[in-house]
Amino acid sequence: MKYNPKVHEKAARIPEIAGMHPLEQKNQQTLGMIWEMEQVLKAVTGMDTFTFQPAAGAQGEFVGISLIAAYHSAQGNDKQVVLVPDSAHGTNPATAAMCGYEVQEVASTERGTVDVSDLRSKMNDGIAGLMLTNPNTFGVFEDQIQEIAKIVHDGGGLLYYDGANMNAFLGQCQPGGMGFDVVHINLHKTFTTPHGGGGPGSGPVGVKDFLKPFLPTPIVVKDDGQYRFDFDLPESIGKVSTFWG
């Protein structure tokens, strides 16, 4: 899962990149790399926009659930609970709790997939969303994912995708097509960026268009062949990192 091909390690050590001062992030070459990477991640996930501010997957989770909270707040919804399957990574309930939510567990079937009937019985007006890994921590693909998404959405919640196991279906199917609203990707797992030691890390978060106004500012956009930072996100949750991994 975390094997880094030597050619990728070599690319990450190119002096012009590795030795760049963080304040140089505004140059066209750096912004261009970020923008191009966003296009790749949009293609493989089926999401509409990404932020590259989160410095790791764990911070990506925090940003993703913060976006869900901001969305519900803007809608005037008083949601208090995030559902988490009993097969989830430990970071999932920790993240939901850090964002101020009560965590409620959803049972698994004997096959190791989400128990859809248990999920349906727990959906109510107080549920902000469901955090889900697919394939899950048991290594099983959630083959009822579209039914799960319908239950969550019909109940007024949003569906969060933990990208920890995304390697298993990369290039074959997209979280966006399964009904997920928010995605975080561990670039050190799925795209072999450097990992460990507190950095350099990156846990980009992708969202569907309706959540774009809440993304951390700025995001990178391309206008008339030029790249620039866009700060025009009036409902943004604010910055989560000074510089990007």
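Me: What share of the 245 residues in the protein chain is buried?
Reply: In this predicted model, buried residues make up 48% of the 245 residues. A residue is called buried when its relative accessible area is under 20%.

Me: How is the overall form of the protein chain to be read, and what elements does the chain have?
Reply: The chain has nine helices and nine strands. Its radius of gyration is 18 Å, close to the 18 Å that the globule rule gives for 245 residues, so the chain is as compact as a globular protein of that length. The C-alpha trace spans about 55 × 40 × 30 Å along its principal axes.

Me: What part of the contacts joins residues 24 or more positions apart?
Reply: Among contacts with a separation of 6 or more, 65% are between residues 24 or more positions apart.

Me: Where do side chains point in a regular strand?
Reply: They alternate between the two faces of the sheet. In strand 2, Val81, Leu83 and Pro85 point one way, while Val82 and Val84 point the other way, and all are buried. Five of the five residues of strand 2 (residues 81-85) are buried, so this strand is largely enclosed by the rest of the structure.

Me: In which sense do strand 2 and strand 3 pair?
Reply: The pairing of strand 2 with strand 3 (residues 102-106) is parallel and runs over five bridges. Within it, Val81 stands opposite Glu102 of strand 3.

Me: In which sense do strand 8 and strand 9 pair, and how many residues lie between them?
Reply: Strand 8 pairs with strand 9 (residues 226-230) in the antiparallel sense, over five bridges.

Me: Is Thr217 buried or exposed, and where is its place?
Reply: Thr217 is in the loop between strand 7 (205-207) and strand 8 (219-223). Its relative accessibility is 13%, so Thr217 counts as buried. Leaving aside neighbours within four places in sequence, Thr217 is in contact with Gln53, Phe231, Leu233, Ser236, Gly238 and Lys239.

Technical notes. Residues numbered from 1 in each chain as written. Predicted model: local features only at pLDDT ≥ 70, side-chain atom pairs only at ≥ 80, totals over all residues. Heavy atoms only, no water. Helix = DSSP H or I, 4+ residues; strand = E, 2+ residues; numbered from the N terminus. Rg over C-alpha atoms; globule rule 2.2 N^0.38 Å. Buried < 20%, exposed > 50% of the residue type's maximum accessible area, 1.4 Å probe, protein only. Contact = heavy atoms within 4.5 Å. Pairing = 2+ DSSP bridges.
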